[in-house]
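Please open the model in your viewer and follow the selections below in order.

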Amino acid sequence: MKAVFYEGDRRIRVGTCTPRPPGPNEVQIQVAYGGICGTDLHIFHGAMDRRVRMPQIMGHEMSGRVHAVGSQVQGIRVGDPVTVMPLDPCGVCPACQAGHSHICHNLKFLGIDTPGAFQSFWTVPAHTVFRLPETLSLQQAALIEPLAVACHDVRLGEVKAGDQVVVIGGGPIGTLIALVAREQGAHVLVSDVNPHRLALIQELGFQVVNPLEEDLPGLVQQQTNGAGADVVFEVSGSAAGARTMTELLRTRGLAVVVAIFGQPPAVDLFRVFWRELRLRGVRVYEQEDFQRAIELAASGRLPLDKLITSVRPLEQLQAGFEEMEQGGANMKILLEV
Ligand SMILES: [Zn+2]
Ligand SMILES: [Zn+2]
């Protein structure tokens, strides 16, 4: 069977590996499509060399069909279309005990801390497997994982109908957040500095703004009669985004920190104090977010096809990374496994 390996220092090797049969509580999936995530690009750049075990099979966004099930597994049958919620929590740490196993202190993330989905057959714990409706295309189903991130973010962002929402950062996650927030009935404005991405997001029917060319805080003020936005999602991970998010919010508005900041950014805590703002971090997803993502994708209401920039054979993972590095209007690149 095929697999692609990260071997350090931007090296990708296309090779083979032996499929691992499922243990009693495991499921073996024949992978159909895998999505390349920013995290995979991060691994490729060597930023996670101390965490991954080389040669590492990456990939945690995927769809496929069940190939074999372990002896103890119930409710999942060979041939079922499925996707995977790639979290394996310890079950005993304080976070798990408190019911927050998705941010377990000892969380194993499949595809980073274990072999991932960029291989023909992927064997995973049964509790991570979600069945899909037959009506959902497997290409679109490969977007369920990032869509579940967006569902989690919008849920914890408490977005309501009629809210003015600002999304800072219009990459795949920012765009999916915008789509899910619109489903909740919010007015959504997306801010990004990449004109190609802005054009695509505008095509999806969103108001867009390039903060390098327009006065974003002024615009939000004006649109809300001086009140400010109800919810701001910081998805850019930029110093400018962290600085701006509090400036955009109304009294008691909510800033949702989605991005992973490499360095602690400057945040205007005076503004947090002055307007009694709330600040909330969000990470990955919970089971209900995965369910909601599957429902939303299956409903056909979201233009998920427009977010798929290209579909390449598995062997072209490296070319996929290079395509992502070029920027442009890239959203999601899928690998056909
Ligand atoms: Zn991802
Ligand atoms: Zn735990």
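For the first selection, Lys and Arg count as positive, and Asp and Glu as negative, while His and the chain ends are left out. Selecting these residues in this predicted model gives 29 positive and 35 negative side chains. The centres of the two sets lie 4 Å apart.

Next, display the whole protein as a cartoon. The fold comprises 12 helices and 17 strands. Its radius of gyration is 20 Å, close to the 20 Å that the globule rule gives for 337 residues, so the protein is as compact as a globular protein of that length. Along the principal axes, the C-alpha atoms fill a box of roughly 60 × 40 × 40 Å.

The protein exposes about 14900 Å², of which carbon and sulfur atoms supply 50%. Buried residues account for 55% of the 337 residues. Among contacts with a separation of 6 or more, 69% are between residues 24 or more positions apart.

Finally, select ligand 1, the zinc ion. Which protein atoms are the donors of the zinc ion? They are SG of Cys 37, NE2 of His 60 and OE of Glu 61, lying 2.2 to 2.5 Å from the ion. The sequence spacing of these donor residues is C-x22-H-E. Cys 37 lies in the loop between β3 (26-35) and α1 (38-44), and His 60 in the loop between α1 and β4 (61-69), so that this pair, 23 residues apart, links distant parts of the chain.

Keep these two residues selected and inspect their cover. Cys 37 is buried, with a relative accessible area of 14%; His 60 also counts as buried, at 2% relative accessibility.

Key: Residues numbered from 1 in each chain as written. Chains lettered and ligands numbered in written order. Predicted model: local features only at pLDDT ≥ 70, side-chain atom pairs only at ≥ 80, totals over all residues. Heavy atoms only, no water. Helix = DSSP H or I, 4+ residues; strand = E, 2+ residues; numbered from the N terminus. Rg over C-alpha atoms; globule rule 2.2 N^0.38 Å. Buried < 20%, exposed > 50% of the residue type's maximum accessible area, 1.4 Å probe, protein only. Contact = heavy atoms within 4.5 Å. Areas by Shrake-Rupley, 256 points an atom, 1.4 Å probe, with all protein chains shown as cover. Charge placed at Lys NZ, Arg CZ, Asp CG, Glu CD. Donors = N, O, S within 2.8 Å, 3.2 Å for Na, K, Ca; no water.
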